[in-house]
Amino acid sequence: MLDIKNLWKEVCSTIIGIEGVNAVAYSIWIDSLIPLCVKDNSLILLAPSLNNKKIVNEKYKDAICESLTRTGSMITNINVIIEQEKDLYAEEIKEYSEVTKEKPPVDTKLQFISRYTFDNFVIGDSNNLAYHAALNVAQSPGVSNTNYLGFNPLFIYGGVGLGKTHLLHSIGNYIADNMPELKVLYTTSEQLINDFVSSLASNKMVAFRTKYRSVDVLMIDDIQFLKKRTGLQEAIFHIFNDLYLNGKQIVLTSDRPPKEIETLEDRLRSRFEAGLIADIGAPNLDMRIAIIRKKMAFEKITVNDDVIYYIAEKCDSNIRELEGNLSRVVFYAKLKGLPYPDLEIAKEAISHTSTKKQGVIDSQDIINATCNYFKINKSDIIGKKKTKDLAEARMIAIYLITDMLAIPLVSIGQLFGGRDHTTIIHARDKIHTQLQEGNPQIKRAVEDIKNMLKD
Ligand code: ADP
Ligand code: MG
């Protein structure tokens with residue numbers, strides 16, 4: 001039976017930022033809800049008061065349902081109740097509470113989403129190195145089983161929804177199962193900053209340091225959000241050194257490599273670069289199909305090959321969205337009373353969705369707009385030809401991408417036919433200099449293309 005506590009934890013971990021849910025709203029209205037059971041495809045949540053129930057229903061229900069869908073769960077609706085209404089669900093509540101009683105979770109294990117394991121992770125060209133490095137770290141944390149100490153720290157980077165958090169939780173789950181005596185601590189940059197700030201305010205810096213220094217494995221997710229705040233990076237630097245010297249394992253993730261995290265102090269950056277840096281790229285079609293199949297097996301659902309193919313084709317750069325689309329399709333079929341979805345249903349369910357959020361510009365938009373402006377072909381701007389006009393258009397597109405989007409330079413290189421990141425830096429800097437020197441053509445091109453992108 002579905003572990004609803006775990007499901008709820010997953011919802012809570014991704015809900016901030018969805019449709020106006022901020023950290024304050026979350027901590028007042030959503031964090032206080034308790035998952036009780038499931039009935040008719042709805043997760044039943046207990047609210048502490050009638051008012052809380054009302055507010056959630058009025059303001060946060062859509063966001064919670066959206067976050068539920070994003071977990072890939074087949075449960076896509078909620079029903080908020082108060083204590084007095086519990087009787088209506090007595091049977092289901094009993095069923096679900098017995099499941100939770102069966103296996104008392106160990107402390108370490110509690111931090112981790114149980115579905116995020118190495119077994120549930122599909123391996124392909126784009127994540128092979130990151131997967132094996134993470135597995136290696138989980139099997140022998142701190143000390144690599146190869147001859148050199150190459151895995152400490154392990155630094156995993158890649159775009160949103162490509163499995164970084166999944167790998168961290170896999171390490172956590174693996175160690176909790178196989179080496180329960182080890183202390184593993186998972187945190188995000190945001191939690192770490194909050195912890196630092198409140199420790200500082202309440203004069204508990206000693207406790208802060210002890211907490212992070214006393215673990216066997218420290219994992220920090222989304223390190224790119226680490227801010228330049230007096231004392232913060234210094235404290236982390238010392239914790240980091242202590243752990244490292246004591247042979248403890250450190251694992252970090254980020255959306256870009258250390259050298260591109262501008263807010264990072266140099267000494268911390270060079271520590272981050274000292275171990276193994278592994279990137280995760282976007283999955284190719286075969287891998288996306290494999291991910292859908294794995295998810296189907298896990299959720300015990302049936303979907304025809306043509307539908308699988310359609311879903312996989314439609315979403316090519318974010319696995320979270322890929323899973324969300326699968327859930328949406330299955331849910332639509334259920335709504336229509338069909339045993340499983342056909343292609344028509346799939347189109348209806350997700351034709352309007354695309355990996356791109358409305359109003360958000362991506363690298364392809366910039367490349368397309370640049371091509372339109374200079375009246376050149378996309379294959380030429382990406383390709384190898386070096387005529388003056390093409391080279392200039394290419395450099396402008398590269399400049400605009402670095403200027404407008406937060407994409408790692410290496411990935412930009414990939415967008416332009418696998419060019420080296422130094423080439424990207426060169427292009428960016430060249431246009432930057434020409435803009436500063438007031439080159440009129442370049443200035444007009446950059447402004448016009450930016451305007452084209454606004455429409
Ligand atoms: P990130 O932290 O990189 O933004 P997540 O780890 O949160 O991404 O992954 C997003 C979703 O995609 C999760 O539900 C995760 O289980 C799933 N996912 C990512 N990569 C894989 C993979 N290789 N195989 C199976 N599922 C994956
Ligand atoms: Mg993540």
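Which residues does Thr188 touch, not counting residues up to four places away in sequence?

Reply: Happy to, and keep in mind as we go that this is a predicted model. Leaving out residues up to four places away in sequence, Thr188 touches Ile220 and Asp221. Thr188 itself is found in strand E5, which covers residues 184-188. Its two partners are in the stretch 217-221, and that stretch is strand E6.

Let's follow the chain onward from there. Asp222 lies in the loop between strand E6 and helix H10. Have a look at its backbone: phi of Asp222 is near 55 degrees, a positive value in a residue other than glycine. Asp222 counts as partly exposed because its relative accessibility is 24%. You can find another case at Asn203, which has a positive phi of about 60 degrees although it is not a glycine. Asn203 lies in the loop between helix H8 (189-201) and helix H9 (205-213). With a relative accessible area of 73%, Asn203 is exposed.

Thr188 and Thr165 are 23 residues apart in sequence, and their C-alpha atoms are 9.9 Å apart in space. Thr165 is worth a stop, as a polar side-chain atom of Thr165 lies 2.8 Å from an oxygen atom of ligand 1. Lys164 does something you can compare by eye: an N or O atom in the side chain of Lys164 is 2.8 Å from an oxygen atom of ligand 1. With Gly163 it is the backbone that takes part, through an N or O atom 3.1 Å from a ligand oxygen. Taken alone, ligand 1 exposes 560 Å², and the protein buries 95% of that. Two elements give two or more residues to the shell around the ligand, namely helix H7 (164-178) and helix H14 (319-335). There are 18 residues around ligand 1, and those that come nearest are Gly161, Thr165, His166, Arg320 and Glu323.

Two of those names come back when you look at Asn318. This residue lies in the loop between helix H13 (305-314) and helix H14. The side chain of Asn318 reaches the backbone nitrogen of Arg320 at 2.8 Å. Setting aside its neighbours within four places in sequence, Asn318 is in contact with Val160, Gly161 and Leu162. So is Asn318 buried or exposed? It is buried, because its relative accessible area is 12%.

The peptide bond from Asn152 to Pro153 is cis, with omega near -5 degrees. Pro153 is found in the loop between helix H6 and strand E4 (154-158).

A pair of aromatic rings is described by the distance of the centres and the angle of the planes. A search of the whole structure finds 9 aromatic pairs. One of them joins Phe121 and Tyr131, which are stacked at 5.9 Å centre to centre, with 10 degrees between the planes. Phe121 is in the loop between helix H5 (107-110) and helix H6 (128-139), while Tyr131 is in helix H6, 10 residues apart. Phe121 counts as buried because its relative accessibility is 7%, and Tyr131 is buried too, with a relative accessible area of 11%.

Phe240 is buried at 3% relative accessibility, and Phe272 is buried at 0%.

Ring pairs can also link up: Phe118, Phe121, Tyr131 and Tyr174 form a cluster that way. And a ring can have a charge over it, as with Phe237, where the charged end of Arg267 sits over the ring, 4.5 Å from its centre.

To come back to where you started, Thr188 touches Ile220 and Asp221, and the C-alpha of Thr188 is 9.9 Å from that of Thr165.

Notes:
Residues numbered from 1 in each chain as written. Chains lettered and ligands numbered in written order. Predicted model: local features only at pLDDT ≥ 70, side-chain atom pairs only at ≥ 80, totals over all residues. Heavy atoms only, no water. Phe/Tyr/Trp six-rings, centres within 6.5 Å; stacked < 30°, edge-to-face > 60°. Helix = DSSP H or I, 4+ residues; strand = E, 2+ residues; numbered from the N terminus. Buried < 20%, exposed > 50% of the residue type's maximum accessible area, 1.4 Å probe, protein only. Lys NZ or Arg CZ within 6 Å of the ring centre and 35° of its normal. Near = heavy atom within 4 Å. Polar contact = N/O pair within 3.5 Å; in protein donor to acceptor, adjacent residues only side chain to side chain. Areas by Shrake-Rupley, 256 points an atom, 1.4 Å probe, with all protein chains shown as cover. Contact = heavy atoms within 4.5 Å.
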